[in-house]
Amino acid sequence: IPLQGQTMFKAAYYLYQTVYSRRDFAEKFGVLHLMGRDLMDSITPPLRLNKDVKEIDQYFLEHPKDEENHAYSGIFEGKNLIFILAESYDEIALDPVLTPNLYHLKNESIDFRNHYTSVFQRTTSDSEFIFNTGLLPSIEDGPTVSTFQKNSYSYALGNLFKDQGYLTQAFHGNYKEFYRRDIIYKNYGYDTFYGRDELGLSKDGGKFDSIFFDAAADLILPTDTPFFSFVISFSGHSPYTLNHVVAKEHYEDVVALYPNDDEVMNVYRATQIELDLMIGGLFDSLEEKGLLDDTVIVLSGDHYPYTMPQEVYETYSGITEYHLKHHGNLYIWQSDITHTEITDLTTSFDILPTLNSLFNLDANPTYYIGRDMFGTSSSMVLYKDYSYYDGENYVSLKDPYVTDNESRRISYLYQIYKKILRTNYFKS
């Protein structure tokens, strides 16, 4: 039982009740006991409790967020949006020769230099969930995309743009049933999800971002309606071996430039060249269709390449601390924007509240974990193991010596957003 002032995450009973970490549970209670809990949890779904709904109501009543006016407020109102989720994209692959389009995009954008994209349990699908909803993905109740796929997400990006009269569509080179995107994207508010089969792509063809974009370009960029297109890249996916079908296409070009670098690193670079080719094709198509000045591009990686051997990643990134490895990237481009570097701490949870402000989407910012990145409030990086980072201090909420008010506040935040999913709060 936690002592007075400690967070609930210190308590062994909380670990036992929630199994928020299978590793910690097995170490504390044994693997056989974990197997029993798995069986029990599989037949006992999370319950919707009215008292939880009332608690959430009270939380939002006591923690309102006002929409702030600033120089970027409403600057993109009425413009189209292309949001690119870049698979495993990390700036260790950025190179003016190998990835010139990404290089120019970064250097012509609002570039968020201190941006974090936390890796949650279900990696890419959880990042998609955060980008689209601004909520905390499931930590204790199983995969968000299966356990909570039928929830209502009325304040998700797709629904917000649809309410403004936009055509909302999502695209990916894999089959759309993967991660149950065919179900959950409807509830995010997308009119259609186009996967490999709908685009007429082969299994290998869908893995090449440039081939995928060529097949989808006319759908991604309609000329007869305002549109919001969410594009999920594929080429950068691991494993980073010489058998990688995408890497084979570009590996020799990488080795010619980096002959002495680690093989894994060069394979990784080769996969990201396809993302670069897709960006180049996107700009060409925007110009051909006369959409360049009326379209905003947002690009963010879904996570750092965590499947890469960590000694390789640490060598080329220079980052060895766990919480700092989640440092990511975010570029916001529009033809009229002056390149700016933002050095304030920002997170993936902040993207939706920021787009809400930039496009005047009229959502209540109170409901989101994050904040408008151009506002005056500060960000907090949240991690799947109940820890957080404020830009200076990294704090584990499981630490018995953590007793400060801020840590207890964040501990309660985790609880509220867990209950939001369990109660399907936004259905009403």
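Me: Which residues of β1 lie on one side and which on the other, and are they buried or exposed?

Reply: Asn80, Ile82, Ile84 and Ala86 lie on one side of β1, and Leu81, Phe83 and Leu85 on the other; all are buried. Buried means under 20% relative accessible area, exposed means over 50%, and partly exposed lies in between (1.4 Å probe, protein chains only). The model is predicted: local features need pLDDT of at least 70, side-chain atom pairs count only at pLDDT 80 or more, and totals for chains, interfaces and linings use all residues. Residues are numbered from 1 along each chain as its sequence is written, and side-chain values use heavy atoms, with hydrogens and water left out.

Me: What makes β1 a mostly covered strand?

Reply: Strand β1 spans residues 80–86, and seven of its seven residues are buried. Helices (H or I, at least four residues) and strands (E, at least two) are DSSP runs, numbered from the N terminus.

Me: How do you know that β1 pairs with β7?

Reply: Two strands pair if DSSP finds at least two bridges between them. Strand β1 and strand β7 (residues 295–301) have seven bridges, in the parallel sense, and Gly301 is the bridge partner of Ala86 in β7. Strand β6 (residues 227–232) runs parallel to β1 and is joined to it by five bridges; there, Leu85 stands opposite Ile232.

Me: Why is Thr123 called buried?

Reply: Thr123 has a relative accessibility of 12%, and therefore it counts as buried. Thr123 belongs to helix α6 (residues 123–133). Neighbours within four places in sequence aside, Thr123 is in contact (heavy atoms within 4.5 Å) with Tyr179, His303 and Tyr306.

Me: What makes a set of residues a nonpolar core?

Reply: A nonpolar core is a set of buried Ala, Val, Leu, Ile, Met, Phe, Trp, Tyr and Cys residues joined through side-chain atoms within 4.5 Å. The largest one here has 77 residues, and Phe230, Phe359 and Leu382 have the most contacts inside it. Helix α15 (residues 405–422) gives the most to this core, namely seven residues. A second, separate core has 30 residues, including Ile82 and Phe227. In soluble globular proteins, nonpolar side chains tend to be buried together.

Me: Which residues are in contact with Phe230?

Reply: With neighbours within four places in sequence left aside, the contacts of Phe230 include Phe83, Leu85, Phe131 and Tyr190.

Me: Why is the pair of Lys79 and Asp294 said to tie parts of the chain together?

Reply: Lys79 and Asp294 form a salt bridge, with the closest N and O atoms 4.0 Å apart. The term requires a side-chain nitrogen of Lys or Arg within 4 Å of a carboxyl oxygen of Asp or Glu. Lys79 lies in the loop between α4 (50–62) and β1, and Asp294 in the loop between α12 (263–288) and β7, so the pair ties together parts 215 residues apart in sequence. Lys79, at 17% relative accessibility, counts as buried, whereas Asp294 is partly exposed at 39%.

Me: How many salt bridges does this rule give?

Reply: The count comes to 22 salt bridges. One of them joins Glu140 to Lys418, with the closest N and O atoms 3.1 Å apart. Glu140 is in the loop between α6 and α7 (144–147) and Lys418 in helix α15, 278 residues apart.

Me: Why is Arg180 called partly exposed, and why is Asp182 called buried?

Reply: Arg180 has a relative accessible area of 34%, so it is partly exposed. Asp182 has 18%, so it is buried. Their side chains meet in a salt bridge (3.3 Å, N to O).
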